[in-house]
Amino acid sequence: MKIQPKITPVLDPGFVPAVLWNRAYEAKVAATEGTHKIDLALTRQDGTCFRWSGMLLPDSEENSALNWRYVERIVKFLLWQKGGNIILVAGDEAIAAKLQQSYSAEGERAFDWDFIGTKVYGAPITVKVVSADELPAETTDSMTLGRNLGGYRIGFDLGGSDRKCAAVKDGEVVFSEEVVWDPYHQTDPNYHLEGIDDSLKRAAAHLPRVDAIGGSAAGVYVNNEVRAGSLFRGISPEDFEKHIRRIFFTLKERWHNIPFEVVNDGEVTALAGAMSMNDNAVLGVAMGTSEAAGYVDPEGHIMPWLNELAFAPVDYSEDGGVDEWSKDKGVGAMYFSQQAVARLAPRAGFDFGTMPYPEQLKKVQAAMAEGDDRARKIYETIGVHFGYAIAHYASFYQIRNLLFLGRVATGEGGQIIIDKANEVLSAEFPELSIRLCVPDEKTKRHGQAVAAASLPKI
């Protein structure tokens, strides 16, 4: 299928927006006789289940590649959006067989098979063929965390270069600080445990008592348990299991078992945005070292989803950017992060050689501040990519507000990204009503801490 976007990214003319490809495929299906239905269930061992259904072209040699591309990319998106390690397929055994091969130790999606399966949910991804009536019903449980502002609370956020912590009284910050640390390269788990505890004690010194503690950190956390996190990359697998996996349970015991909740930092960012805007249906996207995301549903709840959009496909081009970690093409990290800037910089005419990505971003930002047209083209390209990606995300999320933040979003370049994204949404998707916004100064300073502190109920 030939896909022609109305707006072409200046530095990426071969870009094939996922949303346009899917719409073209679905239009082709609608105009074809003899189509058939496929039903998927993405489940976890705790019984959580997400459902998806679609129509496929008739089985034939010429249609098989299109059918596979459509389903495989959607499955990949759902795995990183919703999360689960058991894929049930009804209605197309050939597709199921290809998924079984792809999500295996030797398959094309070996990274996802192991990371989502083993690291996050405790067992490798498995694909099973079932009948439609054997598919379980969808469960839509949400986490009723956040917006609890009463009492004396501590909120913290664990980053790769500093620990932020705040003391909060009835929703107002009475003390906050950032403490520099270097968690990535530490091999002793006590470094992390004592460092976090030290920040909590420093905040507690400014309160008459502590009623609850809430926190956020990069990584995957399920019911306060650490499943995967870059902060702990230096810890051996043995020490991870023994000391890190339940580190927040250890801290809760130290703090006399008061209410204690920890979730992914993207979720808390989205919650902070929702609280500052006094609105819901918020998808937060941070363009930093990678692409981070969080979501607050239309009812104001955080969902028990992964929302790891760095690995979710947004470009279906055969020449899409290749993620060095998962080895997949066209996923978000290569389009909405420092990596995206580094990928586009040579096309714009910059020669940074082997300069680290953060330094390349600083150079591009400095060039943008000086009015360098090469830098503008980088931001315009990211903006067009982002506009089409937002429309794609809207196929999987209910979105009224798109919260845009991160290092790539700072300065004049960030506004160019917003302007180009809005141009794409207006030209291609006028039916969507999504407001793009950046955090206000108060939210930037204290919003994350207040939102984190508000997570537990007293």
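Start with an open sheet of four strands in the order β13-β12-β14-β15, with mixed pairing. Strands here are DSSP runs of E with at least two residues, helices are runs of H or I with at least four, and both are numbered from the N terminus; two strands pair if DSSP finds at least two bridges between them. Before you go on, note that this is a predicted model, where local features need pLDDT of at least 70, side-chain atom pairs count only at pLDDT 80 or more, and totals for chains, interfaces and linings use all residues. Residues are numbered from 1 along each chain as its sequence is written, and side-chain values use heavy atoms, leaving out hydrogens and water.

Helix α11 (residues 373–393) lies across β12, β13, β14 and β15, at about 150° to β12. Axes are lines fitted to C-alpha atoms, for helices over the stretch in contact, and angles run from 0 to 180 degrees between N-to-C directions.

Which residue lies in the loop between α6 (237–244) and α7 (247–254)? Select Arg245. Arg245 counts as buried, at 16% relative accessibility; buried means under 20% relative accessible area, exposed over 50%, and partly exposed in between (1.4 Å probe, protein chains only). Leaving aside neighbours within four places in sequence, Arg245 is in contact with Asn224, Glu225, Val226, Arg227 and Phe240.

Then go to Asp170, in the loop between β6 (162–169) and β7 (172–180). Asp170 is partly exposed, at 48% relative accessible area, and its phi is near 50°, a positive value in a residue other than glycine.

Is His256 buried or exposed? Look in the loop between α7 and β11: His256 is exposed, with a relative accessible area of 69%. Phi of His256 is near 60°, again positive in a residue other than glycine.

Technical notes
Contact = heavy atoms within 4.5 Å.
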